[in-house]
Amino acid sequence: MTDSEHHDVDTVLPLPQLLLFGLQHVLVMAAVPITSVFLVAKALDLSTALTVNLISATFLMCGLGSLLQSFGPARLGARLPFVMVPGGAPIVMFLGIAQQRDLQTACGAVILTALFYFLVLPVFTRLLRFFPKIVIGTLLLLVSVNLLKVYGGIIAGKPGTPDFASPLHIGLALATIGFTLLFARLLKGMLGQLSVLLGLVAGTALAALLGQLDMSAVTNGPLFSLPTLLPFGMPTFDLAATVPLLVFSVISMVEATGQTMAVAEIVGSKEEPCALVPRTIRGDAVMSLLGGFFGTSMIITSGENIGIVRATQVRSRYVTAVAGALLIVVALLAPLGRFANAIPASVVSGTALVVFAIIGTIGIDILRKVDLHERSNMYVLAGALTMGLLPILVPGIYSQFPKALQPILGNGLAMGAMTAVVLNLVFQIWRPHAAPAQAAAAATAATPAVRPGAAPNH
């Protein structure tokens, strides 16, 4: 396959390649829906049958959402190579609402938040000009660091437990990373583009040789798993309980902006951000709304697959559409979901670390296009990284602050993005003593634009 063949986001690859590249997306993100459901199930002591049902529903929502973002019918979805997953922060908030109130209220909160997306989106769209490259690049760097920390913690385990910092688990993760890099170095063509998938397969095979792959649960249980509508009964709508998710929805829009513009630049999209970003957010809103009726938390666009798109250089949205179709199959065929769950967390996390680090390189590549020798840009980036990295690297640093502020202060992505936006306004746009022509030029420079052919050279 030549570079020109997979450069176009609308290219339809041969079916075998679509299946392989789509499977690569699925295996990298499969741990997210499974772990999100297990977190809720264990905390609330849900039955095994209900847990399997929620795993099925979550995979179904992720699959339908990936199809929606890939095809973008009726301006719902970006028509970009996106995969959707349950958001990490919304899962924690969903669980908190369920523990404080009940699961019906938690589902009602998801539905209200999805509707809130549509209400706020027109206002948010008008603010997109305040998200220039320095903001987007900073956001992607923070996303990368945050995800590396999360999955590094999964590899290490919980401090104080017997398995904490297990050399076996860490060794499996490092071996998986090593396999991935080795394949990327030695293999060419399509096999080289499948390095992430092959690294995951090699890591899983090594885990099996070391006796760390338990397949006993794969064949135990039903063959088909059909999600249940309203598994907890009719939702209860409580606006006060919904506030944490409403706050997150604004943060999610900022994240979706960065992810959309990053993928658009990678694939060489010619569309303006003011057209692309709202479509991504509408897709998130639709899938979260539907998920609320099936008992899931918010389903949002995934940053995970950005790294895969860059690593493989396969930019076709039909690949993620096939990934969506495969996720639907996993949702309906219960043994497939149980098989994905059987892959050791250290192997999946090792694969994820490579992918998430690549997201950071995308942020660095975007920041390379910003003149950091200019004093104002240097301070904008320094301030944003300071405020963004503090809550990521020092968890609980704002724990003594008012609880109403903690969801924002404790979210490094939100703090970094907001700081970058505010400082960019102060240093670049709001210049009381600048000449009108200078102010206009600064405002123009701050407006994000995905230029034709701006995708990085590969």
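Predicted model: local features only at pLDDT ≥ 70, side-chain atom pairs only at ≥ 80, totals over all residues.
Helices and strands, in what I shall present, are DSSP runs numbered from the N terminus, a helix having at least four residues and a strand at least two.

The phi angle of R75 is positive, near 60°, and R75 is a residue other than glycine. A74 sits in the loop between α4 and β1, the latter covering 84–86. A74 also has a positive phi, of about 55°, although A74 is not a glycine. Are these residues buried or exposed? A74 has a relative accessible area of 68%, and because exposed means over 50%, A74 is exposed. R75, with a relative accessible area of 47%, is partly exposed.

S56 has a relative accessibility of 3%, so it counts as buried. Which residues does S56 touch, if we set aside its neighbours within four places in sequence? The contacts of S56 are S225, L226, P227 and A331.

Next, the packing of helices. Helix α2, residues 15–29, packs against helix α14, residues 317–332, at an angle of about 60°, and their axes are 8 Å apart. That angle makes α2 oblique to α14. The crossing of these two helices, α2 and α14, is right-handed. On the α2 side the contact is made by L18, L19, F21, G22, L23, H25, V26 and M29, and on the α14 side by Y318, V319, T320, V322, A323, L326 and L327. Sorted by class, the contact of α2 with α14 has twelve nonpolar and three polar residues, with no charged residues.

Helix α7, residues 133–156, and helix α11, residues 239–267, pack at an angle of about 100°, with axes 9 Å apart. Consequently, α7 is roughly perpendicular to α11. From α7, the residues K133, I136, L139 and L140 meet V254, E255, T257, G258, M261, A262 and E265 of α11. Here the contact of α7 with α11 has six nonpolar, two polar and three charged residues.

I come now to the aromatic rings. How many aromatic pairs does the structure hold? The structure holds four aromatic pairs, and I shall describe some of them. Y379 and F427 form a stacked pair, 6.4 Å centre to centre, with 5° between the planes. This pair links distant parts of the chain, since Y379 is in helix α17 (residues 375–393) and F427 is in helix α19 (residues 412–429), 48 residues apart. Y379 counts as partly exposed at 41% relative accessibility, and F427 counts as partly exposed at 27%.

The rings of Y398 and F401 are arranged in another way: their centres are 5.3 Å apart and their planes stand at 90°, so this pair is edge-to-face. Y398 is buried, with a relative accessible area of 12%, whereas F401 is partly exposed, with a relative accessible area of 41%.

Finally, consider A184, which lies in helix α8, residues 167–186. A184 has a relative accessibility of 46% and so counts as partly exposed. How far apart in space are A184 and V196? From C-alpha to C-alpha, A184 and V196 are 8.1 Å apart, while in sequence they are twelve residues apart.

Technical notes: Residues numbered from 1 in each chain as written. Heavy atoms only, no water. Axes fitted to C-alpha atoms, helices over the stretch in contact; angles between N-to-C directions. Parallel < 35°, antiparallel > 145°, perpendicular 65-115°, else oblique. Left-handed = near helix turned anticlockwise from the far one by under 90°. Contact = heavy atoms within 4.5 Å. Nonpolar A, V, L, I, M, F, W, Y, C, P; charged D, E, K, R; others polar. Buried < 20%, exposed > 50% of the residue type's maximum accessible area, 1.4 Å probe, protein only. Phe/Tyr/Trp six-rings, centres within 6.5 Å; stacked < 30°, edge-to-face > 60°.
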